Amino acid sequence: MPHEKENQGNCFHASNSDVSRDGDSLFMTGEAQAIAVTDLHKRFGPLEVLKGVSLTASQGDVIAIIGGSGSGKSTLLRCINMLELPSAGSVSIHGETIAMKKDGRGGLMPSNRKQVERLRAQLGMVFQSFNLWQHMTILQNVIEAPVHVLGRPKDEAIATAETLLRRVGLYEKRDAYPAFLSGGQQQRAAIARALAIQPLVMLFDEPTSALDPELVGEVLSVIRDIASEKRTMILVTHEMKFAREVSNHIVFLSQGKIEEQGSPDQIFGDPRSERLKRFISSIH
Amino acid sequence: MTIPPPDETTHAMAFTPEDLPTAASFFQPHRILLMIIFAGIVLSAAWFMRWDWLPQYLPKLGWGIVVTLAMLFSTAFLGFLFAVPLGLVQVTGPWPLKLLASGFCTVIRGTPLLLQLWLLYYGLGSLFPQFPEIRNSFLWPYLRESWPYGVAALTISFAAYEGEVMRGAFAGVPAGELEAGRAFGMSRWTVFRHIWLPRAIHRALPTLNGETVLQLKSTPLVATITVIDVYAVISKVRQDTYLTYEPLLLLALIYMCLTGILVILFRKLENRIPTRGA
């Protein structure tokens, strides 16, 4: 379906397939870039939350997005799977650019809903408030997308789900309803649900912000476990120590722009910009 | 650091296993006293009142109950089918549909059911025979009867009340759960079918229970357009025997039993998905 891709992504994909992974982000090779966000803008009415953000994640990258509240980090994450529609800019997933058209109100909207649905099914999203489906048991939550979106056979999905639930320590709770679980258990179930679609990239939107302090550890250790298997992840978080520990790249967002980015040691050990210095000192 | 409020459909009347009476709980002094009083009332009613007419009317009563239940279930089922789109368009529909749906609900809920029934039966029903096309159509054998008008009026009424209930239920499903559905690549239809609708129905079940019980007690109105339901049978008994209390007490007992069965059935449905009481 060539019309689904924007021309730019398409021709570079064809002619530059041998460009090295850390080449210029303009010359996307497609295969290497799990996620590529280019010059993303997002306006809510008069308020411009994102003012031109570009970000690429290669296979195996664990990228942590940090920043103060209102810096636009959750919005950026939600624009990647089009839960929030960007006002301008483009998003590519695995080299395939999401086709957008003008919505007539100064913003953009996907021109092909089927494409968005297909690409979303490659992104495992974990929400701040878990968002488990309350009318389904934990197991039903985990097999829902594999069975009804990806069309996998049910018994196969159940087997995968049970393995995942064992991994996050919730096998015994598989027949319980979400309301009967603690916040930490619900979030671990939500992580299993996201992993069940075997996503290309995991997106975490402040996964521990809604948890009581004593429940944060169990969720972080599950995420750490996933990060250790070289799965591509983009993580919006307030847990700085954790971000420094699991990620290989940190993006500091401030007032809708990337103020600074680099390796964890560089960001936390040798911050350059005034804002990042202030941010780091404010959280210690 | 706050935990978002747990979202469950909780309601004061939810049964939990602890609420169910155990055998021992029946033998408490106040309960024994109440049971003795109740038994006394039943016995004296049986002893002092006239029930000799009962065997003769039993077959008719049985058929009347069948008609009442048929009226109830068909109209509740059909009404609910209409209520789902009525509720849905009021939450997400384009404004003309929204206006139409809320207008429909307002008009129907704002007028007496008896009036609607009579407008359909005596109004519309008397217009139909003037059109030869209708008289010659395959529908005519049904339109000549009275029960289709009863079904139509009760269905419309139930749809309007349930439309409002479903509007609230659809609106009350947490946006995050729908968003999670979309985030995993579900189409709008899949989100609706697998998340939005079942969640909304589950939220609405306690209200649906109450509305269905009310609907049961609206069914006697069809007796006014010559449908022979259980109420009409009892009226016939009163005309034939000149008795007042006995048939009416029996009628009350019948409706109470039917209500009890309905409530228990709905509780079973509600408890299929346990909710944590708050």
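This is a predicted model: local features need pLDDT of at least 70, side-chain atom pairs count only at pLDDT 80 or more; totals for chains, interfaces and linings use all residues.
Local features are given where pLDDT is at least 70 and side-chain atom pairs count only at pLDDT 80 or more, whereas totals for chains, interfaces and linings use all residues. Residues are numbered from 1 along each chain as its sequence is written, and chains are lettered from A in the order in which they are written.

**View 1. Elements and burial of chain A.** The secondary structure of chain A comes to ten helices and twelve strands, where helices (H or I, at least four residues) and strands (E, at least two) are DSSP runs numbered from the N terminus. Of the 284 residues in chain A, 46% are buried; a residue is buried if 20 or more other C-beta atoms, placed from the backbone, lie within 10 Å of its own, exposed if 12 or fewer do, and partly exposed in between. Among the contacts in chain A with a separation of 6 or more, 61% join residues 24 or more positions apart, a contact being a pair of residues whose C-beta atoms, placed from the backbone, lie within 7 Å.

**View 2. The four-stranded sheet of chain A.** Four strands with antiparallel pairing make an open sheet in the order β2-β1-β4-β5 of chain A; two strands pair if DSSP finds at least two bridges between them. Because β2 (47-58) and β5 (96-97) of chain A stand at the edges with a single partner strand each, one side of each is left without a neighbour in the sheet. Strand β1 (residues 33-44) of chain A runs antiparallel to β2(A) and is joined to that strand by nine bridges, and His41(A) has Lys51(A) as its bridge partner in β2(A). Helix α2 (residues 73-80) of chain A packs on the sheet, touching β1, β2 and β4 (88-93) of chain A, and its direction makes about 120° with that of β1(A); axes are lines fitted to C-alpha atoms, for helices over the stretch in contact, and angles run from 0 to 180 degrees between N-to-C directions.

**View 3. The loop residue Met82(A).** Met82(A) lies in the loop between α2 and β4 of chain A, and its phi is near 65°, a positive value in a residue other than glycine. Met82(A) counts as buried because it has 23 C-beta neighbours inside 10 Å.

View 4. Strand β3 (residues 62-66) of chain A runs parallel to strand β10 (residues 232-236) of chain A, with four bridges between them, and the bridge partner of Ile63(A) in β10(A) is Ile234(A).

**View 5. The hairpin of β11(A) and β12(A).** Strand β11 (residues 249-254) of chain A pairs with β12(A) in the antiparallel sense over five bridges, and Val251(A) has Gln261(A) as its bridge partner in β12(A). The hairpin has two residues between the strands, and Gln255(A) takes a positive phi near 50° there.

**View 6. The largest nonpolar core.** This core has 130 residues, and those with the most contacts inside it are Ile65(A), Ala192(A), Leu203(A), Ile234(A) and Leu235(A); a nonpolar core is a set of buried Ala, Val, Leu, Ile, Met, Phe, Trp, Tyr and Cys residues joined through C-beta atoms within 7 Å. Helix α7 (residues 147-172) of chain B gives the most to this core, with twelve residues. When residues up to four places away in sequence are not counted, Leu203(A) touches residues including Leu77(A), Ile80(A), Leu123(A), Val126(A) and Ile234(A).

**View 7. The contact between chains A and B.** The contact takes 25 residues from chain A and 26 residues from chain B. On the side of chain A that touches chain B, α3 (113-120) and α4 (138-148) of chain A each supply at least two residues.

View 8. Chain B has eleven helices and zero strands, and its C-alpha trace spans about 70 × 70 × 30 Å along its principal axes. Of the 278 residues of chain B, 29% count as buried. Thr226(B), in the loop between α9 (188-216) and α10 (230-241) of chain B, has a positive phi near 70°. Thr226(B) counts as partly exposed, because 13 C-beta neighbours lie inside 10 Å.

Technical notes. Two residues are in contact if their C-beta atoms, placed from the backbone, lie within 7 Å.
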